[in-house]
Amino acid sequence: MNDQIRRNMPLFSIGIVKQLTELSARQIRYYEEHQLIHPIRTNGNQRIFSFNDVDRLLEIKSLIEQGINISGIKKILELNEKANEITAITPIGKQEAEISDKELRKHLKNELIMAGRNGKASIIQGQLSRFFH
C-alpha cells in the first residue's frame with residue numbers, strides 16, 4: 001500500500017479531528033459546507049476524516065489566522081492543486097535536480113524569514129513556522 005492511499009484512508013472521527021486541529025465541530029462542518037474538505041460518510045452519516053483532511057484543515061486554520069477569507073482560501077487551495085497537477089505531469093527529462101535536506105531547510109527557513117516583508121504574504125508561512133522556532 002503506497003503512502004498516498006494511506007493518507008486518503010478515512011480514519012478519524014470528528015472528535016479526534018477537533019483535538020488534532022483545535023477547531024470546533026461547527027468550524028469543521030462550515031469548511032465542509034464550503035467544500036474545502038470532503039470527509040467520507042459512514043452508513044450512519046458520521047464523518048470520517050483522513051490524514052489529508054486533517055492536513056487541509058490545519059492549512060485552512062493557518063490561512064484564517066493570517067486574515068484570509070473563505071473565498072481567498074478557496075482560490076489558494078485551487079492554485080495549490082493546479083500546481084500539484086502540473087508538477088505531477090512534468091516530463092522526466094525536465095525534473096529539477098534533487099537538493100539535500102540541508103539546502104531544503106535553508107531555503108524554507110529563508111522563505112519563512114522573508115514572509116510578510118515588502119507587503120508579500122507567504123502562503124506556506126504558517127506551515128513553515130512549525131519547523132523553525
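**Notebook: salt bridges, core and surface**

I started with charged side chains and found Glu 32, Arg 41 and Arg 47 linked in a network of salt bridges.

**Entry: the Arg 47 pair.** I looked up Arg 47 and Glu 32, which form a salt bridge whose closest N and O atoms are 2.4 Å apart. Arg 47 sits in strand E2 (residues 47–48) and Glu 32 in helix H3, so this pair ties together parts 15 residues apart in sequence. Is Arg 47 buried or exposed? I get a relative accessible area of 18% for Arg 47, so I put it down as buried, the limit being under 20%. Glu 32 has 16%, so I note that residue as buried too.

**Entry: how many salt bridges?** I wanted the count for the model, and it comes to 6 salt bridges. I jot down the general idea: side chains of opposite charge can pair when their charged atoms come close.

**Entry: Glu 22 and Lys 61.** I checked this salt bridge next, and its closest N and O atoms are 3.4 Å apart. The two ends come from distant parts of the chain: Glu 22 is in the loop between H2 and H3, Lys 61 is in helix H4, and they are 39 residues apart. Glu 22 is exposed, at 65% relative accessible area, whereas Lys 61 is buried, at 17%.

**Entry: Glu 81 and Arg 56.** Here I found a salt bridge with 2.8 Å between the closest N and O atoms. I marked Glu 81 as partly exposed, at 39% relative accessibility.

**Entry: the core.** Which residues have the most contacts inside the largest nonpolar core? That core has 16 residues, and my list of the best connected reads Val 17, Ile 28, Tyr 31, Leu 36, Ile 37, Leu 57 and Ile 60. Helix H3 (25–33), helix H4 (51–65) and helix H5 (70–88) each give this core at least two residues. In general, nonpolar side chains tend to be buried together in soluble globular proteins.

I then followed Leu 57. Setting aside neighbours within four places in sequence, I see Leu 57 in contact with Val 17, Thr 21, Leu 23, Ile 28, Tyr 31 and Ile 37.

**Entry: Ile 68.** I found Ile 68 in the loop between H4 and H5. Ile 68 is partly exposed, with a relative accessible area of 24%. Not counting residues up to four places away in sequence, Ile 68 touches Leu 63, Ile 73 and Ile 76.

Entry: What makes the nonpolar surface patch of about 350 Å²? I wrote down Ile 5, Met 9, Leu 11 and Phe 51. Met 9 comes out at 33% relative accessibility, so I call it partly exposed.

Entry: I checked confidence last. The protein chain has a mean pLDDT of 80, and 76% of its residues reach 70 or more. Where is confidence lowest, and where is it highest? Helix H7 (residues 125–128) is lowest, at a mean of 52, and H3 is highest, at 94. Where pLDDT is low, the predicted coordinates should not be read in detail.

Methods. Residues are numbered from 1 along each chain as its sequence is written. Side-chain values use heavy atoms; hydrogens and water are left out. Patches are made of residues with over 30% relative accessible area and no salt bridge: like charges are joined within 9 Å, nonpolar side chains (Val, Leu, Ile, Met, Phe, Trp, Tyr) within 5 Å. Accessible areas come from the Shrake-Rupley method with a 1.4 Å probe; for residues, only the protein chains shown count as cover. A salt bridge is a side-chain nitrogen of Lys or Arg within 4 Å of a carboxyl oxygen of Asp or Glu. Buried means under 20% relative accessible area, exposed over 50%, partly exposed in between (1.4 Å probe, protein chains only). A nonpolar core is a set of buried Ala, Val, Leu, Ile, Met, Phe, Trp, Tyr and Cys residues joined through side-chain atoms within 4.5 Å. Helices (H or I, at least four residues) and strands (E, at least two) are DSSP runs, numbered from the N terminus. Contact means heavy atoms within 4.5 Å. pLDDT is the predictor's confidence in each residue, from 0 to 100.
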